Amino acid sequence: MPTPEAAAVAAELRTAMGKLTRRVKDEDRIPLGQAAVLGALDRNGAMTTSDLAADQRVRPQSMARAVGLLMEQNLITRRAHPTDGRKSLVELSDAGRTALEAERGRRAGWLAQAIESELTDEERALLARSTALLERLASR
């Protein structure tokens, strides 16, 4: 059972992270689910639709729809699987990579500006040290 202090910090952190996430989403031009698929392909390389669904923790049918939408926008391409003729791989197109980089730039750009304008040097240093703690909590 967590201590009351840990529970209070957890509640405040969840609220603050939710607000920050919603604010960063205001900068998005690509729907979040589609951006997540593009990001997975960027990080992992070509993947099957089933592997993408597992990676994103969604049903294969949902991923098939997302892949279809991304293909219609020419953000991904499909090619034959090299060892299994029944499968195909999807991968980022050049346009998809460009769109993803622009999306990431908008998100990071807004946040970087907010950090610069809203936080003192001491607060920025504290935030930089805190990112490792947040990453550790997120990977638990």
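User: Which elements each supply at least two residues of the lining of the second largest pocket, and what makes a set of points a pocket?

Analyst: In this predicted model, where local features need pLDDT of at least 70, side-chain atom pairs count only at pLDDT 80 or more, and totals for chains, interfaces and linings use all residues, α1 and α5 each supply at least two residues of that lining. Residues are numbered from 1 along each chain as its sequence is written, and side-chain values use heavy atoms, with hydrogens and water left out. A pocket is an open set of points, on a 1 Å grid over the protein atoms alone, where a 1.4 Å probe fits and protein lies on both sides within 12 Å along at least five of seven lines, and its lining residues have an atom within 4 Å of a point. The residues that meet this for the second largest pocket are L20, T21, V24, K25, D28, L32, R104, R107, A108 and L111. The elements themselves are DSSP runs, helices being H or I with at least four residues and strands E with at least two, numbered from the N terminus.

User: How do you know how the lining of the second largest pocket divides by class?

Analyst: Ala, Val, Leu, Ile, Met, Phe, Trp, Tyr, Cys and Pro count as nonpolar, Asp, Glu, Lys and Arg as charged, and the others, Gly among them, as polar. By that scheme the lining holds five nonpolar, one polar and four charged residues, around a space of about 280 Å³.

User: What is the space in the largest pocket, and which element gives the largest share of its lining?

Analyst: The largest pocket holds about 710 Å³, a volume being the space filled by probe spheres set on grid points that are joined across faces, edges and corners. Its lining has 21 residues, of which M17, L20, L127, T131 and L134 are the closest to its centre. Two or more lining residues come from each of α1 (4-25), α5 (94-118) and α6 (121-138), and α6 gives the largest share with ten. By class the lining has 15 nonpolar, three polar and three charged residues.

User: What makes V9, L13, M17, L134 and L137 a nonpolar patch?

Analyst: Patch residues have over 30% relative accessible area and no salt bridge, and nonpolar side chains (Val, Leu, Ile, Met, Phe, Trp, Tyr) are joined within 5 Å, whereas like charges are joined within 9 Å. These five residues form such a patch, with about 420 Å² of accessible area together, as given by the Shrake-Rupley method with a 1.4 Å probe, for which only the protein chains shown count as cover. Both α1 and α6 supply at least two of its residues, and α1 has the largest share, three.

User: Why is V9 called exposed?

Analyst: Exposed means over 50% relative accessible area, buried under 20%, and partly exposed in between (1.4 Å probe, protein chains only). V9, which lies in helix α1, has a value of 55% and is therefore exposed.

User: How do you know that E91 and R79 meet in a salt bridge?

Analyst: The rule asks for a side-chain nitrogen of Lys or Arg within 4 Å of a carboxyl oxygen of Asp or Glu, and the N to O distance in this pair is 2.9 Å. The bridge links distant parts of the chain, since E91 is in strand β2 (residues 88-92) and R79, twelve residues apart from it, is in strand β1 (residues 76-80). E91, at 25%, and R79, at 36%, both count as partly exposed.

User: Are R86 and D84 buried or exposed, and what is the distance between their closest N and O atoms?

Analyst: R86 is exposed at 75%, whereas D84 is buried at 13%. Their closest N and O atoms are 3.0 Å apart, and the pair forms a salt bridge.

User: What separates D121 and R124 in helix α6?

Analyst: D121 and R124 are three residues apart in α6, which means about one helical turn, and their salt bridge has its closest N and O atoms 2.2 Å apart. D121 is exposed at 59%, while R124 is partly exposed at 23%. Elsewhere, salt bridges that share partners join R23, D26 and E27 into one network.

User: What is the phi of R57, and what is that of N74?

Analyst: Most residues other than glycine have a negative phi. R57, in the loop between α3 (49-56) and α4 (60-72), has a positive phi of about 60 degrees although it is not a glycine. N74, in the loop between α4 and β1, is likewise a residue other than glycine, with a positive phi near 60 degrees. R57 is exposed at 78%, and N74 is exposed at 54%.
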